[in-house]
Amino acid sequence: FNAASISAIVHEIGHAIDNSLFVYPQQKNLTVNSQFLIEVPSTFFELNFLEYLIENKIDVKGASYCLADRICVVKRLSEEYEKFYNLKNAIITEDRCIIDPRTEEIIDLEGAILYGHGYLYSLNLCELYRENNDLAINKLINLICSRKEMTILEGIESLGFDEDEFLSLKKPKEKIKKFIKK
């Protein structure tokens, strides 16, 4: 076992906890708008686990690599947005991907939103956890219990950020820069 395999297990356990405590008992049927939060609980547990490994000097190299990889998901979100906003006459496929008619490149905007925003939300929530773990856990529970009724912007605001602060990763920015440099 290494940091990558165990963090993947922690991530999937996060999904299991989320499903067993939220989705199934409340019989929630999540829409695309609320699915962007589907990665938040699992990623929150995964990122905190990776931080734990680094802080306790357990497979630091592997944990740092995994953390940098998760941060690249956020970078991909930004790249997919940029491609999307520069398109003209795009084609939308049945599985909601966008095709650039000039290059025939497939832009998975929905995937970038689902994973990118979920990871971005988790990074901000993990930073809050380091500052005040009780408050972060309360916000995570509130998010899990209300996500079907919450818009993306309301989810961001529930962390105490406006959209620009959230997308710029105002709080965890220095930590993220450290991992991107490696």
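The model is predicted. The protein chain contains nine helices and three strands, and buried residues account for 42% of its 182 residues.

**Chain layout**

- Read from the N terminus, the order of elements in the protein chain is α-α-α-α-β-β-β-α-α-α-α-α.
- Helix 1 covers residues 3–23.
- Helix 3 covers 40–55, helix 4 covers 60–85, helix 5 covers 109–131 and helix 6 covers 133–146.

- Three strands make an open sheet in the order 1-2-3, and the pairing is antiparallel.
- Strand 1 (91–92) and strand 3 (106–107) are the edge strands, each of them pairing on one side only.
- In general, the strands of a sheet pair through backbone hydrogen bonds, in either a parallel or an antiparallel way.

**The nonpolar core**

- The largest nonpolar core consists of 29 residues, and V40, L125 and L140 are the ones with the most contacts inside it.
- Helix 1, helix 3, helix 4, helix 5 and helix 6 each contribute at least two residues to this core.
- The greatest contribution to this core is that of helix 5, with eight residues.
- Nonpolar side chains tend to be buried together in soluble globular proteins.

**Aromatic pairs**

- The count of aromatic pairs is two.
- The ring centres of F44 and F45 are 5.8 Å apart with the planes at 65°; an angle over 60 degrees counts as edge-to-face, so this pair is edge-to-face.
- F44 also forms an edge-to-face pair with Y129, at 5.6 Å centre to centre and 85° between the planes.
- F44 belongs to helix 3 and Y129 to helix 5, so this pair ties together parts that lie 85 residues apart in sequence.
- F44, F45 and Y129 make up one aromatic cluster.
- F44 has a relative accessible area of 2% and is therefore buried, the limit for that class being under 20%.
- F45 has a relative accessible area of 29% and is partly exposed.
- Y129 is likewise partly exposed, with a relative accessible area of 29%.

**Nonpolar surface patch**

- A nonpolar patch on the surface is formed by F1, I6, I9, I13, I17 and L21, with about 630 Å² of accessible area together.
- L21, one of the patch residues, lies in helix 1.
- The relative accessible area of L21 is 61%, so L21 is exposed; the class requires a value over 50%.

**C72**

- Where is C72 found? C72 is in helix 4.
- C72 has 45% relative accessibility and therefore counts as partly exposed.
- The C-alpha atoms of C72 and Y119 are separated by 9.8 Å, and the two residues are 47 residues apart along the chain.

Key. Residues are numbered from 1 along each chain as its sequence is written. This is a predicted model: local features need pLDDT of at least 70, side-chain atom pairs count only at pLDDT 80 or more; totals for chains, interfaces and linings use all residues. Side-chain values use heavy atoms; hydrogens and water are left out. Two strands pair if DSSP finds at least two bridges between them. Helices (H or I, at least four residues) and strands (E, at least two) are DSSP runs, numbered from the N terminus. Patches are made of residues with over 30% relative accessible area and no salt bridge: like charges are joined within 9 Å, nonpolar side chains (Val, Leu, Ile, Met, Phe, Trp, Tyr) within 5 Å. Accessible areas come from the Shrake-Rupley method with a 1.4 Å probe; for residues, only the protein chains shown count as cover. A salt bridge is a side-chain nitrogen of Lys or Arg within 4 Å of a carboxyl oxygen of Asp or Glu. Buried means under 20% relative accessible area, exposed over 50%, partly exposed in between (1.4 Å probe, protein chains only). A nonpolar core is a set of buried Ala, Val, Leu, Ile, Met, Phe, Trp, Tyr and Cys residues joined through side-chain atoms within 4.5 Å. Rings of Phe, Tyr and Trp (its six-membered ring) pair if their centres lie within 6.5 Å; planes under 30 degrees apart count as stacked, over 60 as edge-to-face and the rest as tilted.
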